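Hi everyone, thanks for coming.

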Amino acid sequence: MFYETEKNDHGLPHDPFKSCVVPRPIGWISTIGADGVPNLAPYSQFQNLTFDPPYVMFSANQTTDGRRKDSVINAEQIGQFVYNMATYELREAVNKSAQEVGPDVDEFEIAGVTKAPSKLVKPPRVLESPIHFECVYHQTLRLPGKDPMGTVDIVIGRVVGIHIKDALILPNGKLDILGIRPIARLGYYDYTSIESIFEMIIPGPNEDLRSGMEGAKKRT
Ligand SMILES: Cc1cc2nc3c(=O)[nH]c(=O)nc-3n(C[C@H](O)[C@H](O)[C@H](O)COP(=O)(O)O)c2cc1C
């Protein structure tokens with residue numbers, strides 16, 4: 001089948017678009033407002049962008065009534081945000097924190113999760129999450145879209161500090177991803193979690209290419 005996105009004439013009972021780019025990692029983003037109220041919300045339009053230095057981004061549509069989302073406003077005003085990894089164990093809390101509430105509401109409370117202080121930035125971390133990135137705001141890229149929700153604010157941040165729960169580091173020094181069981185978004189209302197891993201290494205003599213693939217920073 002083929003369809004034009006402007007016409008959206010796919011003829012299917014459910015829009016297939018989000019199912020065509022899967023799985024999408026979930027950035028569970030914590031911020032703090034100028035008035036000091038903490039904020040927490042999941043973003044599956046989330047990705048790491050590069051590793052040396054590391055940058056990540058989350059992409060926020062407008063609210064259902066066409067306003068910029070609190071995570072965006074806070075990240076810009078305070079100049080900081082935190083990525084918390086979303087796991088299968090935390091799935092209900094992640095979902096609860098997605099409710100559209102005002103900036104005066106602390107979604108850590110709604111989700112029933114604990115605030116842990118960050119080391120380098122003001123927004124708190126989700127204590128129950130196994131991995132956190134402390135990020136310094138870099139830039140927002142705004143893409144025009146259709147009202148009320150289509151316009152999107154892509155928030156880019158530089159990762160300045162990384163927390164990893166010690167118990168989730170294996171004896172071989174790799175992260176215990178199967179133990180962590182991160183969740184990710186599919187299309188529709190569907191999710192997946194990581195339950196298997198396989199390894200492939202780029203063939204050929206180019207060691208630098210392989211080390212880029214591994215995400216290894218050059219050590220001087
Ligand atoms: C798993 C999951 C992923 C989501 N991903 C996005 C996303 O990528 N972009 C977005 O704008 N909203 C996304 N949402 C909805 C936001 O979390 C929701 O609008 C939230 O209220 C935003 O909160 P904020 O205004 O405090 O930033 C997602 C919701 C869930 C449950």
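**Around the ligand**

Strand 3 gives the largest share of the shell around the ligand, 4 residues. Before I go on, a word on where this comes from: it is a predicted model, in which local features need pLDDT of at least 70 and side-chain atom pairs count only at pLDDT 80 or more, while totals for chains, interfaces and linings use all residues. Residues are numbered from 1 along each chain as its sequence is written, and side-chain values use heavy atoms, with hydrogens and water left out.

How many residues surround the ligand? There are 20, and the closest are Tyr43, Gln45, Asn61, Lys69 and Ser71. To be counted as near, a residue must have one of its heavy atoms within 4 Å of the molecule. Sorted by class, the shell has 7 nonpolar, 8 polar and 5 charged residues. Here Ala, Val, Leu, Ile, Met, Phe, Trp, Tyr, Cys and Pro count as nonpolar, Asp, Glu, Lys and Arg as charged, and the others, Gly among them, as polar.

Now look at the backbone. A nitrogen atom of the ligand lies 2.8 Å from a backbone N or O atom of Ser44. For Asp70, a polar backbone atom is 3.0 Å from an oxygen atom of the ligand, and for Ala98 a backbone N or O atom lies 2.9 Å from a ligand oxygen. On its own the ligand has 650 Å² of accessible area, and the protein covers 88% of that; such areas come from the Shrake-Rupley method with a 1.4 Å probe, and for residues only the protein chains shown count as cover.

Which elements give two or more residues to this shell? They are strand 3 (38-43), strand 5 (54-61) and helix 1 (70-78). Helices (H or I, at least four residues) and strands (E, at least two) are DSSP runs, numbered from the N terminus.

**Salt bridges**

Next, the charged pairs. The structure holds 11 salt bridges, each being a side-chain nitrogen of Lys or Arg within 4 Å of a carboxyl oxygen of Asp or Glu. One of them joins Asp65 and Arg67, at 3.2 Å from N to O. The cut-offs are under 20% relative accessible area for buried and over 50% for exposed, with partly exposed in between (1.4 Å probe, protein chains only).

In another salt bridge, the closest N and O atoms of Arg68 and Glu76 are 2.5 Å apart. Arg68 is partly exposed at 28% relative accessibility, and Glu76 is partly exposed at 28%.

Then find Glu195 and Arg181, whose side chains meet in a salt bridge of 2.7 Å, N to O. This pair links distant parts of the chain, 14 residues apart: Glu195 is in the loop between strand 12 (191-193) and helix 5 (207-214), and Arg181 in the loop between helix 4 and strand 11 (183-185). Glu195 counts as exposed because its relative accessibility is 54%, whereas Arg181, at 27%, is partly exposed. Elsewhere, salt bridges that share partners join Arg68, Glu76, Arg142 and Asp153 into one network.

**One last stop**

Finally, please find Tyr188, in the loop between strand 11 and strand 12. Its relative accessible area is 39%, so Tyr188 is partly exposed. The C-alpha atoms of Tyr188 and Phe17 are separated by 9.3 Å, although these residues are 171 residues apart along the chain.

Definitions and conventions. Polar contact = N/O pair within 3.5 Å; in protein donor to acceptor, adjacent residues only side chain to side chain.
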